[in-house]
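Me: I'd like a close look at one loop of this model, please. After that, carry on to a few other spots and to the chain as a whole, with the cut-offs included.

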Amino acid sequence: MHNKSANKHNSKIPPHSANKEKVRAMFNDIAPKYDFLNHFLSAGIDIRWRKKVRRLLANVKPKRILDVATGTGDLAIELSKLNADQITGVDIATEMLEIGREKIIAKRLENIIDLQEGDAENLKFSDNIFDAITVAFGVRNFENLNSGLKEMHRVLKPGGIVAVLEFSKPKGFPVKQLYNFYFSRILPIMGKTVSKSNAAYTYLPDSVRGFAEDQSFLAELAKAGFKEAKQNRLTMGIATLYYATK
C-alpha cells in the first residue's frame, strides 16, 4: 500500500559519492548471508533489540512509519505488529531490498510494508508525513550524519518520534575488553568465512569505533532539530536505543 502522491520531494538527488557507492556495493555483496550473520554473530540479541524499538513506538500508536536503512526489512517486519496502516522502508542496497521483499511476501505483509530504493540523506517524501521514523544499525553508515538526521526531521510530523538503534561501545570491565576482542578479531574472520567478504566485517568494527555515541549523538539529534533526545543503553552497552521527538 503505497501513496505515490505523498512521495514527491522536489530536490534533485545528488550523484552518489565514491564512499557511498562502496557502502552500497558492500551491503549488496553480503546480502545473501546478511540475516544469518546478524542473528548468529549477535547470538540472536539483535532480535530482542528490535522488539524494544517496537515497544517504544507502541506508546505513540503510529499509523505511518518510515524505516531508514531498512536492509532486509527485519525492523519493518517487527514494526508490522503495531497495527500501522503503512510502513515504508528505504535503503541504497537493492540486493538487500530484494531479500526483504521475499520475506515480506512470505509473511503476507506486502499490503502494509513497502520497500524502496532510497538515499537516507535525500528522502523522496513530502514534509511532515510520517508519525514515526526508525533506523536500526544504519546511521553510522550515513556519509553526512547531519544531512541524514535533518531529512528524517523534515519528513516526520510535528509530535512524531524518531528511534535510532545503533551499536555502541561498552565501558565496563570485562565487557569492554571482550567486546573489543570479539569485534576486532573474531567477527571479521567469521564474517569473511561465511560471506566471502573481508571488507564488510572489517568495516563494521571500524564504523562502530568512529561513531559519535552517547551525548555526542544526542547533540547531533538536537542539532538536526529534534527535541527531548534520550538514550537507553542495551545489553551492557553493546547497543543503544536513542529516541527524540519533533
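Predicted model: local features only at pLDDT ≥ 70, side-chain atom pairs only at ≥ 80, totals over all residues.

Residues are numbered from 1 along each chain as its sequence is written, and side-chain values use heavy atoms, with hydrogens and water left out.

K61 also has a positive phi, about 50°, although it is not a glycine. This lysine lies in the loop between α2 (45-58) and β1 (64-68), and at 64% relative accessibility K61 counts as exposed. Another backbone feature is at P174, in the loop between β5 (156-167) and α6 (175-195): a cis peptide bond joins F173 and P174, with omega about 0°.

R140 is in the loop between β4 (130-136) and α5 (145-155), and its relative accessible area of 11% makes it buried. Setting aside residues up to four places away in sequence, R140 touches E166, F167, Y203, L204, S207, V208 and F211, where contact means heavy atoms within 4.5 Å. With S207, the side chains make a polar contact at 2.7 Å. That term stands for a pair of N or O atoms within 3.5 Å; within protein, one must be able to donate a hydrogen and the other to accept it, and residues adjacent in sequence count only if both atoms are side-chain atoms.

E78, in helix α3 (residues 74-79), is buried at 9% relative accessibility. Its side chain makes a polar contact with that of K81 (3.2 Å). Beyond its neighbours within four places in sequence, E78 is in contact with R50, K51 and R54. R54 is 24 residues away from E78 along the chain, yet their C-alpha atoms are separated by 6.8 Å. Over in strand β3 (residues 113-117) you will find Q116, buried with a relative accessible area of 13%; its side chain makes a polar contact with the side chain of D114 at 2.8 Å.

Finally, the whole chain. The protein has eight helices and seven strands. Its radius of gyration is 17 Å, close to the 18 Å that the globule rule gives for 246 residues, so it is as compact as a globular protein of that length; the radius is taken over C-alpha atoms, and the rule is 2.2 Å times the number of residues to the power 0.38. Along the principal axes, the C-alpha atoms fill a box of roughly 50 × 35 × 35 Å. Buried residues make up 54% of the 246. Of the contacts between residues at least 6 apart in sequence, 73% join residues at least 24 apart.

Terms used:
Helix = DSSP H or I, 4+ residues; strand = E, 2+ residues; numbered from the N terminus. Buried < 20%, exposed > 50% of the residue type's maximum accessible area, 1.4 Å probe, protein only.
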